Amino acid sequence: QVQLVESGGGLVQPGGSLRLSCAASGNIVSLNTMAWYRQAPGKQRETVASITRLGTTNYADSVKGRFTISRDNGKNTVDLQMNSLKPEDTAVYYCNYRAIYRSGLAIYWGKGTLVTVSS
């Protein structure tokens, strides 16, 4: 079992910044991918950014140039630095962990942290 705990959400004005953090604990394997997803009211959950153990990153087109995902393999954490925030970034942000175990592919989710961008 892997537990994911997000933090850093809150209310911010348009153009502002927030940094989200996710701490993973439990039965963590080194060969894993971590990601941030988000779900806005009335919308489907979407991938925001992902990062492999070796640091390969992918971003949604809507956040490229504004958001940066990073990880600390020693601390088992993944962060999402969000700059130049827009009202359309308002959503619940979820941390995601994927890894292959002997039993197969395992996927775990955090409970989410709310980001509200509004003046």
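## The sheet

In this predicted model, four strands form an open sheet in the order β1-β3-β8-β7, with antiparallel pairing; strands here are DSSP runs of E with at least two residues, numbered from the N terminus, and two of them pair if DSSP finds at least two bridges between them. The edge strands, each of which pairs on one side only, are β1 (2-7) and β7 (67-72). Direction ignored, neighbouring strands of this sheet are turned by 15 degrees against each other on average, where the axes are lines fitted to C-alpha atoms and angles run from 0 to 180 degrees between N-to-C directions.

## From β7 to β8

Strand β7 and strand β8 (residues 77-82) run antiparallel and are joined by six bridges, and aspartate 72 stands opposite threonine 77 in β8. The loop between β7 and β8 holds asparagine 76, whose phi is positive, near 55 degrees, although this residue is not a glycine. Asparagine 76 is partly exposed, with a relative accessible area of 29%; buried means under 20%, exposed over 50%, and partly exposed in between (1.4 Å probe, protein chains only).

Most residues other than glycine have a negative phi. Serine 84 is partly exposed, at a relative accessible area of 40%.

## Basis of the values

Residues are numbered from 1 along each chain as its sequence is written, and side-chain values use heavy atoms, with hydrogens and water left out. Local features need pLDDT of at least 70 and side-chain atom pairs count only at pLDDT 80 or more, whereas totals for chains, interfaces and linings use all residues.
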